[in-house]
Amino acid sequence: MGRKLHFFGWDRPVQESAVEFLVSDKDSGLIDLSADLVIVPTQHSGRRLSDRLALLAAVKQTAVLPGLIVSPRYLLTQACKTSRISGKTQSLSLWIDVLLSTDLSRFPILFSSPPANKDFSWAMSIGRHLLSIQSELGDNGYTIQDLCTLDHDMFEEEKRWNELAALAELFFNRVHEAGLAEANQTQREAISRLTLPPEIKRIVMIAVPDPTPLAVTALEHLSTVLPVDICVHAPSSMADYFDDWGRPRSDKWHNFETDIASENITLAGKTVDQADAVATMVLGKDAVLRLQDTAIGAADELVIPQLKTLFARNEVATFSPQGEPLSNHPLFLLITSLSDILSRPQFEAYARLLRNPYILDYLTKSIDNFSVTKLMHDLDRIQGQFMPYRFSDVTRVLKKGLYPGSDLQNALTKVEKWISQFSGADTCQTVRSVLAEIFSVRELSITNESDRLFRDVSEFIISTLDELDSPVIKSLNVPAYGIMDLLLLAMQTQSYYPDRHGAELDLLGWLELPWEDAPNLIITGMNDGCVPASIVGDLFLPEKLRRFLGLKTNDQRFARDAYLLTAICESRRHTGDVKIIVGKTNDAGDILKPSRLLFLCDDSSLSERASRLFRPMESMGEIAPREIDWKLVADSSINVPETISVTALRDYLICPYRFYLKRILHMKEVGNRKRELDPSEFGSLCHYALERFGRDEEIRDSTDEQLIADFLADQLNKRVRETFGSAPPVLVSIQTESIRQRLEHAARIQAGLRSAGWRIAEVEKSISCREPWSTNIMITAKCDRIDINDNSGNIRIYDYKTSDQKRCPVKAHMATLSNSAEVPDFIRFESRGRSYRWMDLQLPLYFLMLYGEYRDNVECGYFNLPKAVGDTGIAIWDDFDPALIELAATCAEGITSAVKDKRFWPPAAHVEYDEYSRILLGDALAFASSPVPTVK
Amino acid sequence: MVSEVYNHEVISASAGSGKTFQLTNRYLNLVLARNINPEAIIALTFSRKAASEIFDTIIDRLALGTRSSAAARLLGCQIRVPDLNEGDCIRCLRTLLSCLHKNRIGTYDSFFIWILRTFAWEFGVTGNFRIVDPLMAAVKVQDVLNGLFQRGRNLDDAHREFVEIFKRATFGRQEKALSNLLSSFVENYHHIYLDSPNRENWGSVNTIWPDGCESLVVEFDIENEIASLKAQILDDSVSKKEREAWETFLFEVEAFSPYTQIAPGLRYLLEKLVPKLDDLKAGSAELKINRETRVLSSKACQHLYNLVTHIVGICLRTQIQKTCGIREIIQRFETRYNIDARCAGELTFSDVQTLLDPADTGVGNCLPLSQKPGAADRLYIDYRLDSRFEHWLLDEFQDTSTLQWRIIENLIDEVVQDTSGARTFFYVGDLKQAIHGWRGGDWKLFEDVADKYNHDGVEQIKRIPLAESYRSCQPVIDTVNMVFEPESLATIRGPALRRWERNWRRHTTTVHDKSGYATLLRVPRESGARSADHSRARWQILAETIKKLPFERNDLSVAVLVKTNRTGSSLTSFLRVNGVSAIWEGDLRISDNPVVTAFVSLIKISQHPGDSMAEKHLRMTPFSSVMTRCFAGYDQLVVSLNKDIHAGGFSYLIEKWITLLEKEINITRFGRRRIDELLAAARKFDASGSRSSLDFIEYIERYTTTELTDPTSVRVMTMHKSKGLGFDVVLLPDLQDKSVLTSSRPIDLAVRKSKGAESRTEWVLAMPLKTISNADPVLKDYIERHNDDYCYEELCLFYVAMTRAKRGLYMITTASAQRSQAVYPATLLEHALEHRSDAIDAQSDQSEMIRVFETGDPDWHHDLPEIENAERPEPAPAKKMSPESPGRLARNLKRITPSGVEDITINAGKLFSLNSTFSAELGISVHELFQHITWLDDTDTVGLVSMWAQDCTVSDAVKSAVRGEFENAIRSPAFRKLLAKPERDTDLWREQRFEIVLNNEYVSGCFDRVSFARGSGPTGVEQAEIIDYKTDNINPDTDLAAAKKKYRPQLELYRKVIAKITDLPAKKISCKLAFTKTGTVVEI
Ligand code: SF4
């Protein structure tokens, strides 16, 4: 019985010595360690040890019966095995309950500024924090309440701790009321009664540099009944540097000189530069280390993704034993989406859920002829057109039958059915049954890795749900979204482990490195704060208090890591090499500092190393000349349209290539987060009301401003209600109000017009024209309004304009042109001795198309409804030159024949509003190529 | 020379005099002369880069000091520590390095975050808040705005109210695109609101016009006024043109309302009348209309005065309405933002400051920070920060904002008030480099803070000016002196000039050993040319000048400094086209190239397949062939994209598609870089957890990058960005685009602050048009001051630009137009430098460019040492590669478990079904019970079950099911036989784990039960029997064959393991499945 300290020496990898130590007293044959409890620092090191043992067995043509290989935490779990302790999630729920049900003003110091929103998620955050304090104290055998009984001199925030203790008291009461035991307290009490399984006859703790005080207590207790071997990965000459439990002594390691050659330490810029530095060492022709003999570690885990990318590009498979956080698994996303609907039951959340691949898979398999793309497109269409907010808005819209053949209704009904289940009593059961239904269409094969991972994750979800389903939590009446939050949180703190397929390259974390036996090692991210980690300042446990309580201090972390680094280097001194890479900044741009451990060297190296590791590192490199990887290549097998609208002609005038994208290819962006009417919808609403007005034979002859305004407002409101229901989106309401204001002013103008004898003759008149040109492409248009003056018999053709500023018809149609400008002939024209180019053909073409009906005394112009409503009014094209009609016709012919010949090139260099700027990058000439070879 | 080091010092350090150097001097002095522990010193600056530079410099200088006693002495001299030796330096260096983690040289932001983290609960946030980067924050703001626009079930009051407020905020304007408008309100005004949320400060008549505002009180009968005026003014003497002008004016005045824009006809005369307001009021004024001067009668004056007052009144009332509306909108936003973002633990840097603000703004704690324990209305920080700062060093102090100062003010107060002499305060900056006003920097603090402590004749803070440059050579310094002497600046605004004069000191330099050159080149003004043509002409000269510099031969840093990003990027392209290798050092969007935009489209269709723009766009790119080659149809493509995004994030999708794309085309080096940046961005985004393609695209479109620096290229950057840097050669071709006299940007929201170190917002007002505000004394005064500040900052910027030059300074301007009133930096240069040098060649060869001024040696670069052929330090020779070892391949094997080889499929839905837990627990418990059985005959099964029931923690339902199943099984004859005690000597394993290597795979597993019959086999075993308990629900009559098939691979593996261990032939090892539900046993 009793404890014995063994020194392995550090001239070889720790697991070699460990295996030797473990099997030393075994005869040949089966390696039977089943009576051993082997304690190693991490799960990974346990696996490493088993591997080594298995390899040894392989050499001996046999197997290993491994006994228990565990991390120190096992001792605590074992101690509490028979108690009904409150699990993590349960404790958290209880904390949340305490925090939410307690009047915070009872704790004026602790919560001197109460949260703006004392809600579940606040309580969850605070609860987590409290739990972490409890567990940190618990590892050392303290509870929060204990602290209040301590010597007060050292204890500067006594009052605050008293409050904290009072709060903790409430929590403890809650735990006990629930018939449970609090984990930390129980551990502390149970640890001295700890028993191991009867078959265990010996305890071996190997290279564990920092067992928690509670674990040491356990071992102390166990050493009275079993032999306990403590193995240290260091030579016995270093015995002074360790305490009785193999822990590095902090006073000793502070000045220890770790022997690392300065040239093995490299400074690199960002994480990507660190990865590049690794690449130089192990890949390519100048490599200094053979990759297969080299392990790669990352003291800063943020370097790992870069390393993964690096090696993936070089076709080296990698493996991270740290696993992946469960929150990266798609199941997590599914549950998140479900939970979002519960906390914000809005269309957006439904849409997100419907876009989840699992849901789409379910729908595909459970609805006949289901199309994923159609469903997603329908979601966008409904969003774009109706901006639904609640689920009920969607139902209302769908009832109109606007989406014939859509599966949206079907899909939404299924989702809604699930969601409605949540309003029932039991959230956990509901989650299970909903997931059971969603996945009922999916078969898992045990031999398939992703299926296996799916199962692992599911199992974790189920076990968490079981914990949440306990009577304790049920009694707390946690709302459904709260249960979901707790589930998601539990998932976030858990990892899942993809398979190792064979010889992948491990990307190891710092604590895994001591158990790595590759001859060469590259350690990246060797920065202070990562190794050694340090805590400077804390909400509750600053260093001063930690030291007083005997919790782990910065000094201890330093000592441990100094020792580990030394052991890592020493075990390769004769057989391999250690290269260290230090980062200058992280990807967020924070400046990093080299690890303090790197300065455990003699005076002469110190200053050289210091000035080398503290210097500016700019990302220097060869600049890549700006090249364009490709130009957009268009399809030339397009069909020429049979009709073109007058508005489309304007598009051509603005830019032929963009005309091609818009009017020929019909490229249109959807799926933006629309929350208001776009300008064209805004205009349409105005137009709509005015059209109704123009068609109503009674009202249109009114000269009563108010009556007209009321009529227009009425039409407007009706239309808005039809589209958006009784509660339109706020912005649409404001827009509606803005339209109403504009219409009110239009009503004033209209009343004036009518009084002046102007009578509406026609509105929204469809007109078209094929003559006189020969392209067979018909030009079409809708003329907003034609008035006849009762007194003079004069005619006026109007177009309503709802742009921000009032517009002038002349400026809108033509622009002066300098001679040098390159414009196709049909776009330029001469009028009254000056050169112009067409900007729009609308009004002249209206003249032309209406020529049969309205020939004499015709004027044209705009009915402006601008945002400065005082400026509402008529803008007539003064002294309109009838020659323009002919000129415009020529231009229109030019455009139609260009379209017919598929001439869409060259594009305009600059357009005022470019809806294709995203893909043309503002420069169509540079980023696109002519759709068809230019026809002369 | 060792001079005194004062306890509290402020250094105003001119450009190049080494602000960082001064700060590190101070730091080193504290540690080396006063033996101060580095932990007790806090040094704050603005950028992370600057912080790192300070620390690097400290370490570097110390390290240098360890090299020789001369070096140590030199250092000692610089930092005013006599007799410094190498030993001191090495000791100090070691101390510094051993407490890296406690070192507090950093940014204000990091210091504030640190405090907030350690006092989170006190500030009403939780401790695990995250700092979100500005891009994510922008996405969040949109999210909060979305929340604001949600509608309730009905058109509820809140909704209606919002509509009303919005109407107020856009008073008189029926806006169409509201969403952007709202975003811009929030973007531009949120911080103003946070600084001063009180209703009384926003558009409040009494605060803005404490002496009353005439336009707002008086009311007139406008029709009357107009009629009387007409009578006064429109007599026969009036020309037709003038009459027209007056009539339009009067017509517009009458029609004028909050709902109309100021029409040109109104503006024309208004702009003439407003400057004459005082005259009008006094009753005698002259007006110039159409080049004719008209003398107004006193009556006409009165009426005109009234009309102007009337118009101004309307405008002011409108603006007041708007101001209140805007405030309410922001208030609503803020309430929601506080809950959705801050309370949810997502904070931006500015949120952190807002929370720490000791002034009462409605957020945060309002308690000032303190290092004195025990004060009730203070937050005592030292204990929780594990720190005790005795010495404060603040860098670039002219850029400090009032908010930042408010947060630390009390801490500094305590330092300065400490009489023990053990605590010190030091700040450094240059009031001539105050160019950060646009982002909150308030240079007035620089003086105000010193004034605050130096009152009543006591100089607590010693002011030390430094005007000696370590950077620039004599000709550059001479030129700077000539240009920036107050006498040269006579044309600028008076207050700005006076301010400059106060801070100006003639510069000297220590750089005497290097030659240098400064020149001003002037391009003649071509009449009729536009300003773009002028820039072209200057750029041409610029390119020629650069080409003459000995780039390749010498290690020369050359920078072209410009004012705006827009100029910078187009100038860079211009230089490249003209054969100069140039790099633009501004931000570039990563979506500036076809590869990234195509990826954006690809990601778009993954969740929005109906986006025909994205889809057709892809079909116009090389992605098109990937799409047709690898996917059966659009549906399949979309499903696959969406799946990949959900499974591995956007970064995963991008990596995968790059590989696919590379099979189609060779991506250029540039495209490759952008892809790498896209990937980096994607990784950051993925970490946020969102898998929404829209969010991602929004993020990517805002994401920017910078070009790599390359020593052989010209660096083009903005003057703002050049601050703090120095270059061998600086070229300034962009000194002409904005006048320094008046701010060219209209003021949207005027924010009036009070004076002094405790400056607070007095009032906020949405400013009317300039014509109108000029009519109001208060607003006019505001604009004047604003323009003074603007002018001063422009001057600073110009100063910063010129002082970046070490050896060569080339300034290129266009001759100013005759009669131009505008004052550009170029004008100042001309004014100061023309006729100041004699060696001028009037015409240079290549163009009509004129060398207006030069000083120094035009061939200064001939004395530059040539770079020797790239002698890079070879990397240390690597150790010989060790002889080939089996390597990783032999160590890292695949790891399998026997239960993982079962050839079965299960329904995923069943995993979640309600009884899955029940069956899992049942399975485990049954196994556990059987594990206790050695031989059935010897076992007290009743006792066993009750013991088990006592110990285990499963639910009662499970317990009773287990009991039933167990008892049922052990009653079955097959089980009785299976577990009966054999006659021969037998070893038994129960629940035995094993590890073994089989076929190059690690197999680890666990046998339920194996019995070994002892005998004469090679290992003393004659036969073995493997038993595996199964708790499946099977029907023994129908399912056995299927079950056997299912479990065969597993049991075969067991058999192999036992064979390996015992050396028995396979036939000597029997494998049995024991089904506990039915008590059936089958042999495999
Ligand atoms: S001016 Fe220079 S120092 Fe100041 S923030 Fe900009 S880049 Fe940094």
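Colleague: What makes A:Arg344 and B:Asp340 a salt bridge?
Modeller: Their closest N and O atoms are 3.7 Å apart. The cut-off is within 4 Å, from a side-chain nitrogen of Lys or Arg to a carboxyl oxygen of Asp or Glu. Arg meets Asp here, so the pair counts. Keep in mind that this is a predicted model.

Colleague: How many salt bridges does the rule find across the interface of chain B and chain A?
Modeller: Nine. Over all chains, the search of the whole structure gives 125.

Colleague: How do you know that chain B and chain A are in contact, and which numbers describe the interface?
Modeller: On the chain B side, 185 residues have contacts with 197 residues of chain A. Each contact rests on heavy atoms within 4.5 Å. The buried area between the two chains is about 16,300 Å². Carbon and sulfur atoms give 56% of that area.

Colleague: Why is B:Arg94 called partly exposed?
Modeller: Its relative accessibility is 29%. Buried would need under 20%, and exposed over 50%. The value for B:Arg94 falls in between, so the label is partly exposed. A:Asp603, with a relative accessible area of 41%, gets the label partly exposed by the rule as well.

Colleague: Where do A:Glu744 and A:Arg740 lie, and how many residues apart are they?
Modeller: Both are in helix 30 (residues 730-755) of chain A, four residues apart, or about one turn of the helix. A:Glu744 has 34% relative accessibility and counts as partly exposed. A:Arg740, at 25%, is also partly exposed.

Colleague: Which residues do salt bridges with shared partners join into one network?
Modeller: A:Arg12, A:Glu16, A:Glu20, A:Arg52 and A:Asp517.

Colleague: Why is A:Asn369 called exposed?
Modeller: It has 76% relative accessibility. The threshold is over 50%, so A:Asn369 passes. Its place is in the loop between helix 15 (357-366) and helix 16 (372-386) of chain A. Phi of A:Asn369 is near 50°, a positive value in a residue other than glycine. A:His666 also has a positive phi, near 55°. At 52% relative accessibility, A:His666 counts as exposed.

Colleague: Which peptide bond to A:Pro532 is cis, and what is its omega?
Modeller: The bond from A:Val531, with omega near -10°. A:Pro532 is in the loop between strand 15 (520-524) and helix 23 (543-549) of chain A. The bond from A:Trp905 to A:Pro906 is cis as well, with omega near 0°.

Colleague: Why do strand 21 and strand 22 of chain A stand at the edges?
Modeller: The sheet is open, with three strands in the order 21-23-22 and antiparallel pairing. Strand 21 (814-816) and strand 22 (828-831) each have a single partner strand, so one side of each lacks a neighbour in the sheet.

Colleague: How do you know that strand 21 and strand 23 of chain A pair?
Modeller: Three bridges join them. At least two are needed, so they pair. A:Thr816 stands opposite A:Tyr836 in strand 23.

Colleague: What makes strand 3 and strand 6 of chain A a pair, and in which sense do they run?
Modeller: Four bridges, in the parallel sense. A:Ile39 has A:Met205 as its bridge partner in strand 6. Strand 3 also pairs with strand 5 (residues 68-70), again parallel, over three bridges.

Definitions and conventions
Residues numbered from 1 in each chain as written. Chains lettered and ligands numbered in written order. Predicted model: local features only at pLDDT ≥ 70, side-chain atom pairs only at ≥ 80, totals over all residues. Heavy atoms only, no water. Buried area = accessible area lost by both parts, 1.4 Å probe. Buried < 20%, exposed > 50% of the residue type's maximum accessible area, 1.4 Å probe, protein only.
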